[in-house]
Amino acid sequence: MIDIHSHILPGLDDGSDTMEETLGMVRQLYKAGFKTLIATPHVLEGNDSLSPEEILAATDQVSKQVAEAGIPVEILPGAENYIFPDLAKWVRQGKLLTLGNTGKYLLVELPMLEIPQYTEQVFFELQVLGVTPVLAHPERNKGLIDQPARLLEWAKNGVLFQLNFRSLSGRYGPQSQELAEIMLRSNLIHFVGSDAHRTSQKDSTYLEALQSVEEVVGEERFREVTLINPQTIIAGKPLPGEREYILNGPIKKKRMNRFWRFYKRLRGKEED
Ligand SMILES: [Fe+2]
C-alpha cells in the first residue's frame with residue numbers, strides 16, 4: 001500500500017520532532033502494510049513557507065536513515081498545501097511541491113471550519129495548469145459536513161479526494177466519521193492517507209482502521225484507493241476512466257444506528 005499523506009519529516013511542521021520519532025512512525029506504517037510513504041509537510045502562504053528544495057533535502061535525508069535502519073519503505077516528497085487565493089500562481093512559479101514531485105497532483109488542505117469562497121476558482125486555475133487538486137481529508141471540513149453535495153460537484157469537475165482512514169474509526173469525531181462513511185459508500189474516495197503526525201500509541205491502530213475501510217468498500221475498491229490510484233499519481237499519469245458519482249446518503253437512521261453500534265464496539269476495543 002501507499003500512504004499519500006504523512007508528516008514524517010522531522011522538525012519541519014507540527015509532525016515528527018526528531019529522526020528517531022520519524023523512524024518509529026515509518027516502522028508503524030510499515031507494519032500496517034505501507035511500502036511507500038509520501039511525506040507531506042504543511043506548507044502555508046508566507047515568506048517563511050517551506051520551499052520545495054527544503055522538502056526534497058529532508059526527504060532525501062529520511063530516505064537514507066530509513067534504509068540504514070533496514071526498513072524496506074520508500075519515502076517520496078510531497079506537501080500539504082493550505083489553500084489561499086494565489087495557490088495556482090505559486091505552483092506556476094515552482095514554489096509548491098506536487099505529490100511525488102511529478103508536477104501533476106497537488107495535495108490541498110481547506111480550513112477546518114469553512115469552505116473559502118475562492119476554493120472552486122483555485123481548483124479551476126490548478127486544472128488549467130494541468131495540475132489535479134487532491135483534497136486532503138474533506139471529511140474533516142465543517143462546510144462539507146454540512147453540505148456533502150459540494151463534494152459531488154467537485155468530483156464531477158475532476159477534484160480527487162483523500163480520506164484519513166482513521167476518520168472512519170471516529171478519531172476526528174462522529175460528524176467526520178459519518179461523512180467518511182458517506183464518501184466511501186458513494187465512491188467519492190480516491191486515496192487514503194494516515195495523516196500521521198507522531199507515533200501511534202498502539203501498533204495495531206492503523207491496521208484496524210484500514211480493515212474498517214475495507215469492510216465498507218470491499219476488497220477490489222480497497223486495493224484501488226490504497227495501491228492502484230496512488231501508483232498512478234506517483235507515475236504522474238491520469239487516473240483511468242470516467243467516474244460516476246452518486247451521493248449515497250445521508251445514511252438512513254436505522255442504518256446509522258446499526259453503524260453507531262458497530263463503531264462504538266470498535267472504539268471500545270481501541271480503548272482497551
Ligand atoms: Fe496533514
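**Exercise 1.** What is the order of the strands in the open sheet, and is the pairing parallel or antiparallel?

*Solution.* This is a predicted model, in which local features need pLDDT of at least 70, side-chain atom pairs count only at pLDDT 80 or more, and totals for chains, interfaces and linings use all residues. Residues are numbered from 1 along each chain as its sequence is written. Strands (E, at least two residues) and helices (H or I, at least four) are DSSP runs numbered from the N terminus, and two strands pair if DSSP finds at least two bridges between them. On that basis the open sheet of 6 strands has the order 3-5-6-7-8-9, with parallel pairing. Its edges are strand 3 (42–43) and strand 9 (191–193), each of which pairs on one side only.

**Exercise 2.** Which residue of strand 6 is the bridge partner of N81?

*Solution.* Begin with the two strands: strand 5 (residues 80–82) runs parallel to strand 6 (residues 105–109), and 2 bridges join them. Within strand 6, N81 has V108 as its bridge partner.

**Exercise 3.** Describe how helix 8 packs against helix 9.

*Solution.* Axes are lines fitted to C-alpha atoms, for helices over the stretch in contact, and angles run from 0 to 180 degrees between N-to-C directions. Helix 8 (residues 204–217) and helix 9 pack at an angle of about 125°, with their axes 7 Å apart. Helix 8 is therefore oblique to helix 9, where angles under 35 degrees count as roughly parallel, over 145 as roughly antiparallel, 65 to 115 as roughly perpendicular and the rest as oblique.
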